[in-house]
Each structure stands twice: as C-alpha cells, then as structure tokens.
Amino acid sequence: MHKEKGDDTMNGSVSNGLGRASIALGAALVSTVLCTTVSAAAPSGVSRAAGTDSVARTVAESACPVVYFDLGETLVHTADDGSIVYQPGAAAYLRALRERHIRVGLITNVPPSWGTTDAERAARLQKEVDSAWKDAAPFAWTDFAGRILTPRTEAERKPAPVLWERARAESGNCRLVYQAETAEEVGVAASLGYVPYQVGQPHRPAFLPVGLVRLLGHHRSSGTASANGLSSRR
C-alpha cells in the first residue's frame, strides 16, 4: 500500500501553479466557504485555463454527485510495520456520506496481474488490505461496491487519465469529485472535469466538507454562469 512520491520541490511548484486558479465554485456554490476550503494543485502540463474550464463543466452538470477517492494515504494509512488503518477522520467522513446517500468510489492503482476484471482486482485488494488491517472498525468496502476502478494494464496506472475517464463513463451525468493526497492526481482529475480536493493540507478540512458535496447535487446553473463564478482558483 506504499506509494511513490515526487520530491517536495516538485509538489510545491505544482501546488502553487493550480493554487492560483481557484476552483471557487464561489458564486455558483456559496463562494465564501468554497474559496477557503476547496483547494487543489495541477501537475506540470495542466494549464490554469484547463483546470478552470473543467471545474466550470462539473458545476453545469446534472445532480447526483459521486465522490471518488484514492486509497493509500488518502483513506487509509500503511504504517512502517505494514499494518493498515484509517486515515484520521476517514471513517467518520465515509459514514457521513453514507448517511446522506452520497455514492462513493475508489480509483486506485493495483497490479494488473491481480485479476482480469475490476471485480477480481478489487477482491484481491480487499484481501490484501484486510490481512493487514489493524483499525478497530473494518474498512467500509460495501460503500464502494461496483465502483472500484483499477488498471487493466501497466499503461493505465495513474497518473494516466484512463481510470478517471472510465469512472466518468460509468457515472452518467453525475457530478464527480476526486479526493487524493497528491497534487499530481488531483490536478489530472481537475483537467478531466472532476471537482478536485487535495487531502491532508494544513489549515484546511481533512476532506471536502460534506455540505459542499451535497451542494454539488442540488445546485444547477448554466455553463456561462458557472464560468463567471470560477474566474480565480484551483
């Protein structure tokens, strides 16, 4: 469950790049709150304009948000001894989404050799995680049933866009959220039209506040109005 990380210098410059293109769902979604809590960073090669336009598209889409997550170091943490537990606040956050009937999914890298289908690879992933699980509460696998997307080949591994594209194709016209701990992944998701949120950042909520996720499911606006409200951020 350990993940390769880029160096801090690269992540810092990436964060600064997308940070100025604020996804201020602002005027469209209670701008005061969003401008202070929703933040993400774009990877090299993802332009400010592309990130802004993609968020504008998500605001114009239909309701029924689906919140996708990375797994390792986003929802769960792998300790030095190999044991796995929830990240702080993750279990309560998933419970809050579940209580509000907000669907969730995983977009996570696993070895393609773990199976020939997403279901087979997800079953192997569950087995691997559960075998090392040390938290008091079990991981909420049933919340993600049917929405665990994994690479079919090495070429599909994140940060390649394939898994995010597949999730979008399977989610109809629902607005999609993606939450992960790396600037690179949330940046790619933003460029593909997801509402992105980088977890684990100082002075910000651990996860995108549930109230804002619910607003994504209720607010409807034209693409023009959305674009006007997204002139600065992410």
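Cys64 is partly exposed, with a relative accessible area of 35%. This value, like the others here, comes from a predicted model. Cys174, in contrast, is buried, because its relative accessible area is 4%, and buried means under 20%.

These two cysteines belong together. A disulfide joins Cys64 to Cys174, with a distance of 2.0 Å from S to S. A disulfide is a covalent bond between the sulfur atoms of two cysteines. The count of disulfides in this model comes to one. Cys64 lies in strand E1, which covers residues 62-69, and Cys174 lies in strand E6, which covers residues 174-180, so the pair ties together parts that are 110 residues apart in sequence. The bond also has a handedness: the torsion about the S-S bond of Cys64 and Cys174 is about -105 degrees, so this disulfide is left-handed.

Another residue to look at here is Arg103. Arg103 is found in strand E4, which covers residues 103-107. At 35% relative accessibility, Arg103 counts as partly exposed, because that class takes in values between the limits of 20% and 50%.

What is Arg103 in contact with, leaving aside its neighbours within four places in sequence? The contacts of Arg103 include both Cys64 and Cys174. Arg103 is also in contact with Pro65, Val66, Val67 and Arg147.

Arg103 and Phe144 are 41 residues apart in sequence, while in space they are 7.8 Å apart, C-alpha to C-alpha.

Terms used. Residues are numbered from 1 along each chain as its sequence is written. This is a predicted model: local features need pLDDT of at least 70, side-chain atom pairs count only at pLDDT 80 or more; totals for chains, interfaces and linings use all residues. Side-chain values use heavy atoms; hydrogens and water are left out. Helices (H or I, at least four residues) and strands (E, at least two) are DSSP runs, numbered from the N terminus. Buried means under 20% relative accessible area, exposed over 50%, partly exposed in between (1.4 Å probe, protein chains only). Contact means heavy atoms within 4.5 Å. A disulfide is a pair of cysteine sulfur atoms within 2.5 Å.
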